[in-house]
Amino acid sequence: METKHYNVFVIGSGIAGQTTATTCAKAGLTVAISDNRKFGGTCATRGCDPKKILMQFADLVKHSHQLEGLGIKKAPKIKWKKVQKFKTSFTKPIPSSTENDLIDLGIDLYHQSPKFISKNEVIVEGKTISADKFVIATGYVPRSLKFKGSDLLKTSDAILKLKKIPKSAIFIGSGYVGMEFCYMLSTLGCNVTMVEVGDTALSQFDSYLVKKLMKTLEDNGVTFMFNTKPISIEKLKKNLKLTYEKDGKTKAIKARKIFNTAGRVPATEVLDLEKAQIKSDESGIIVNDFMQSTSNDNVYACGDVSSKSLALTPLSGLQGHITAHNIIQANTKEFENPLVPSVVFTKPQIASVGYSEEEAQSRYKNVNIYKEDASDWYNAKKENAAAYAYKIVVNERTQKIVGAHLLSAQANETINIFTLAINKGLTVNEFKKLIFTYPSYTNDLKNMLKDVD
């Protein structure tokens, strides 16, 4: 069998893979890219973007309920089929437009996941391909859950394609994806139960704010079940039955749908990495600061699947640029992990950037904590919002802001202000001197730094 050779072979067509491939092609290298799913990656076709389109309708209903009786006579009814059609108008064009853009640059496309057969060869679509450099940008896939009947579980892909809002649903896992879709479905009339093996939801966020968020979801009718271990799923006539163990007792609950939202893991299982001597662990492909595999110099990894990344689209694009630069210019640009804000798009949203209270206390001799329930502040009261709160962390010695944690209707936007403040090393007094629009959630940020708890 004849072997076809490229300068660069990219595995994965999300933002990281696309960025690497297009940059290398524009530099005159011969490039190919492969994907076992539709081209365009998770975020644009089956992740962040379509999810936000659907969730804005839940936000509308939620906001209307908050103002019901205060000027809103009745919350609007959502025509879900039209909502899905609107979402599809965004996602449907992406695969073909992505492919056309790549083809226009002379990049060869392969519609299958390759398997490594040596340090510099793969088999894909029945062809043997060699390359000077391979780039793995395969992203994440849902974590597999292994128990009897687990094949009946659906993933977030199925939620994005729901033909109607189910009467009831169970989510196994209360991380980002589980909490966002829990909020969306419960707001739109679904009876939701959250099942979590741990003792809290959103364990990576500030517990003070998470508890307040959970209270708003419970008011939506959501039931949280912590320290709960799924045992089996059985298909009934209309429902699915989940049998679980909690407090040493075995019980069961029923729902129309059961979703696996127990997190995501690096998508490397089908690549046969060991045949190319590519080291990986639960964090992904082990790479150095050049995004190059520590065990195979012919291989780079970028985006979610690399050991140096978080599952966030802006980082994927950045790492794609760095990977391409180092392929073209022989490892002359190092990746430096930037300060990255995180958001859960519930309503209210919960957002975080910088150090947690515990992390700051372990780093600095003394810290100041600015913390308050702000549900009686103007911006919350005008919306009749159920929750508004914050926790800001400051290094006492330097008075610099080192962490910010927000729960509000606009936390996804206002957390960016604190991201800028931390990046620029602003002190509390310097921050409070800034002038923002009024009345606004951004202007509230200065008021959050008035009194030390």
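A: Glutamate 125 lies in the loop between β5 (121–124) and β6 (127–136); helices (H or I, at least four residues) and strands (E, at least two) are DSSP runs, numbered from the N terminus. The model is a predicted one, in which local features need pLDDT of at least 70 and side-chain atom pairs count only at pLDDT 80 or more, while totals for chains, interfaces and linings use all residues. Residues are numbered from 1 along each chain as its sequence is written, and side-chain values use heavy atoms, with hydrogens and water left out.

The phi of glutamate 125 is near 50°, a positive value in a residue other than glycine. Its relative accessibility of 33% makes glutamate 125 partly exposed; here buried means under 20% relative accessible area, exposed over 50%, and partly exposed in between (1.4 Å probe, protein chains only). Asparagine 227 is not a glycine either, yet has a positive phi of about 50°. The loop that holds asparagine 227 runs between β10 (223–225) and β11 (228–235), and with a relative accessible area of 45% this asparagine is partly exposed. Most residues other than glycine have a negative phi, and most peptide bonds are trans.

Next come the cis peptide bonds. The bond from lysine 347 to proline 348 is cis, with omega near 5°, and proline 348 sits in the loop between β19 (342–344) and β20 (349–354). The bond from tyrosine 438 to proline 439 is also cis, with omega near -5°; the place of proline 439 is in the loop between α13 (428–432) and α14 (441–447).

Gln349 and Ala351, together with Leu406, are in contact (heavy atoms within 4.5 Å) with alanine 411, leaving aside neighbours of alanine 411 within four places in sequence. Alanine 411 is found in helix α12 (residues 411–423) and counts as buried, at 0% relative accessibility.

In helix α5 itself (residues 94–104), the buried residues are Ile94, Pro95, Thr98 and Leu102. Seen down the axis of α5, these fall within an arc of 100°, so they line one face of the helix; the arc is that of the directions from the helix axis to the C-beta atoms. They pack against α1 (15–26), β2 (31–34), α2 (41–46), α4 (80–91) and β3 (108–110).

Now the whole chain. It has 14 helices and 23 strands, and buried residues make up 51% of its 453 residues. Of the contacts with a separation of 6 or more, 62% join residues 24 or more positions apart. A compact globule of 453 residues would have a radius of gyration near 22 Å, and the chain, at 24 Å, agrees; this radius is taken over C-alpha atoms, and the globule rule is 2.2 Å times the number of residues to the power 0.38. Along the principal axes, the C-alpha atoms fill a box of roughly 70 × 65 × 45 Å.
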